[in-house]
2 protein chains.
Amino acid sequence: MSNYMNYSYDSLKKFCDDAFEKFGFTTEEAKIITDVLLLADLYGIESHGTQRLVRYHKDIAKGLIKVGVKPEVVFETPVSAVIDAQDGMGQVMGYAAMKMAIEKAKKSGIAIVTVRNSTHYGIAGYYTKMACDEGLIGLSTTNTTAIMVPTYGRKAMLGSNPIAISFPADPYPFLFDASTTVVTRGKLEVYNKLDKPLHDGWAIDSTGNESTDAAKVLKCIANKEGGGILPLGGSREDSGSHKGYGWGMVAELFSSILSLGMTSEKTNVGGKGGICHGFMVIDPKIFGDAEAIKQHLSAYLEELRNSPKAEGQDRIYTHGEKEIAAMADRMKNGININKNTVAEMRDLAQFLGMDVVAYLGEEALTIQGKESIYK
Amino acid sequence: MSNYMNYSYDSLKKFCDDAFEKFGFTTEEAKIITDVLLLADLYGIESHGTQRLVRYHKDIAKGLIKVGVKPEVVFETPVSAVIDAQDGMGQVMGYAAMKMAIEKAKKSGIAIVTVRNSTHYGIAGYYTKMACDEGLIGLSTTNTTAIMVPTYGRKAMLGSNPIAISFPADPYPFLFDASTTVVTRGKLEVYNKLDKPLHDGWAIDSTGNESTDAAKVLKCIANKEGGGILPLGGSREDSGSHKGYGWGMVAELFSSILSLGMTSEKTNVGGKGGICHGFMVIDPKIFGDAEAIKQHLSAYLEELRNSPKAEGQDRIYTHGEKEIAAMADRMKNGININKNTVAEMRDLAQFLGMDVVAYLGEEALTIQGKESIYK
């Protein structure tokens, strides 16, 4: 029996739009949040999709995420702005900030907008895609709850700190979006569920020694005993640990440092989110013929895809290719949602007074989920 | 017996300044090239220091590097420029481009300058330090001869593609400068000399399979049979190979793509360099109080250095700390130059009609180097 139920994009969109409105967001805000979440599901990044609905709802209930607040511009120039998100929903704040960066870049050629006092904003790649859809180069980064241990440390001092960069190309753009840790916490949780040992170079325990014991590492992280996930490049300098740690720092510079916001290890402590984001937009026209630049990249991406494959491999991907294919497939064939998530959505719907059968179908009523947090 | 001779910074500077003038560069150009080379030696990056003198001389003799050419600005806006380096010396072109980016950023807040048709420009971190020394945030990247194999490929399609970012801080700045490959070709050469097996995740042979045989991999690379060095993150997606490959692409975007120049796999073929660089400068003032931002980063860097260490480790470094310490040490105690390099410098000096004893001391006359290329 499948662990998944299949829903059309439109039915998930209707559910999320209506749920977020019931959370207290305006129709426009709800549409933005839904759009960010569902792009993750369309791309196949389940961890950042509808799966997060209940977690966001809990964070609103706790007051960590505030509804009804507006982004406040605290500093501004023609090429920059600093926004205080006032503990608002990360997606709403991220969207406003990226919109502002796009408008400024259209006038000035380049712009950077940083955001402080925000909350989890979903996938970084959503915001860079906004720029890319208008023919612009987009960059976005965010800090997160601390999870990355610096090289030779044993306490998490940086977040998973993803950086995303999008650049227009044909037949699909370059869409790079990667955490600066070697893996994410979600991966550790999957290995823990499957009782599989972690790979070398992924994580350390509270002593700072490498550990392949997922349960142990996750316990260290949850209890804040020390330990965490290693930077891209693993634990040693000879495998490039200091490089992943450096990229994590770059994310910090463009989110928490330039905005004078909280660095990762201070976020999500004591009921305060404090997450920071950064957004940069560059109009390729400031380098001459934007169309020629786009075609130059398109040709290179095609050469990469067509270059000789390693033995046993039949395909070299360029960044964004998998996501674009996944999106096309899921728009046509629907999106598979884990039954645990469907059960959570059902419980949430009942709590919010939504018609479960109309939104999620009859089968949703029969699924055994974990005990509902809404009882 | 030591394999090294010790020279003061000043004596190496005098040697290099005079040698580059004899190559045909102006006094001002010679000083720039020397400055870039010696910063590498001061930082302890021997591969990019005076060690390169003879190689640059050979490239000039071959006509790969042209002396007496000027950077030509082919496109310009208040926040950007594209420079055609006309096959000139990378350091001279890089310096001019970064100077231009700094001037523009001082006026507009942010600027990006890209360069095409250049040659090897030394360490990327030299240029970002130029910005940092003026209280600005600097970013620089370059492509290089192809050496990085994309994830699941077996042909090198990207360069080592370093990216450097500098950000003002006290008591020393954040200076991040890293190739986007897991290691550099120089490291493979060292392991080959020592007859040590390469680490897993470093390199592949011409079949696309991982290989720990340094000699074999280097032969594949030299003969352009396929094979090369893996991206930061190794050969597999679960260790983040696609992330290092993505960062290599980002270097390509900001150097060869935006300048409409040659992508790495087309450079240094048929007597043409074709190397491309990118430079970005951001004035932190466009985010408000530049001094507050600097102190915010300084405090975070100190927290990182003071955070708990892994068992068996007594120090966590922040990026740039090692280089700053090395520079102070070498300015005081001199710079150790490998005797093979000293022999090359002696042969070069004799070829150029320089007084070997006056520049390098009597001992330089007695060193057995490899057979001189100047006979």
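These are my notebook entries on two interfaces in a predicted model.

**Entry 1: chain A against chain B**

I began with the contacts between the chains. I found 89 residues of chain A in contact with 89 residues of chain B. Next I looked up the buried area. Chain A and chain B bury about 7400 Å² between them. Carbon and sulfur atoms account for 71% of that area.

**Entry 2: charges and polar pairs between the chains**

I then turned to salt bridges. The rule finds four across the interface of chain A and chain B. I picked one to look at. In it, the side chain of A:Glu303 meets the side chain of B:Lys266, at 2.8 Å from N to O. I also looked up polar contacts. The interface of the two chains has 34 residue pairs in polar contact, both residues at pLDDT 80 or more.

**Entry 3: what chain A brings to chain B**

I listed the elements of chain A that give two or more residues to the side touching chain B. Among them are the strands S2 (72-77), S3 (80-84), S4 (110-118) and S10 (275-282). Helix H8 (241-257) and helix H9 (290-306) of chain A are on the list too.

Which element gives the most? I found H8(A), with 13 residues. I then sorted the residues on this side of chain A by class. I got 45 nonpolar, 28 polar and 16 charged.

**Entry 4: the two domains of chain A**

I moved on to the inside of chain A. Domain 1 takes in 4-64 + 329-365, and domain 2 takes in 72-287. Their centres, taken over C-alpha atoms, are 24 Å apart.

I looked up the contacts here as well. In chain A, 16 residues of domain 1 are in contact with 18 residues of domain 2. The area buried between these domains is about 1500 Å², and carbon and sulfur atoms give 75% of it.

How many salt bridges are there between domain 1 and domain 2 of chain A? I counted zero. For polar contacts, the rule finds four residue pairs across this domain interface, both residues at pLDDT 80 or more.

Last, I checked the domain 1 side. Helix H2 (residues 27-43) of chain A gives the most to the side touching domain 2, with nine residues. By class, I noted 12 nonpolar, one polar and three charged residues on that side of domain 1.

Methods
Residues are numbered from 1 along each chain as its sequence is written. Chains are lettered from A and ligands numbered from 1 in the order in which they are written. This is a predicted model: local features need pLDDT of at least 70, side-chain atom pairs count only at pLDDT 80 or more; totals for chains, interfaces and linings use all residues. Side-chain values use heavy atoms; hydrogens and water are left out. Contact means heavy atoms within 4.5 Å. Buried area is the accessible area (1.4 Å probe) that two parts lose on being put together, summed over both. A polar contact is a pair of N or O atoms within 3.5 Å; within protein, one must be able to donate a hydrogen and the other to accept it, and residues adjacent in sequence count only if both atoms are side-chain atoms. Helices (H or I, at least four residues) and strands (E, at least two) are DSSP runs, numbered from the N terminus. Ala, Val, Leu, Ile, Met, Phe, Trp, Tyr, Cys and Pro count as nonpolar, Asp, Glu, Lys and Arg as charged, and the others, Gly among them, as polar. Domain bounds come from an automatic or database domain assignment.
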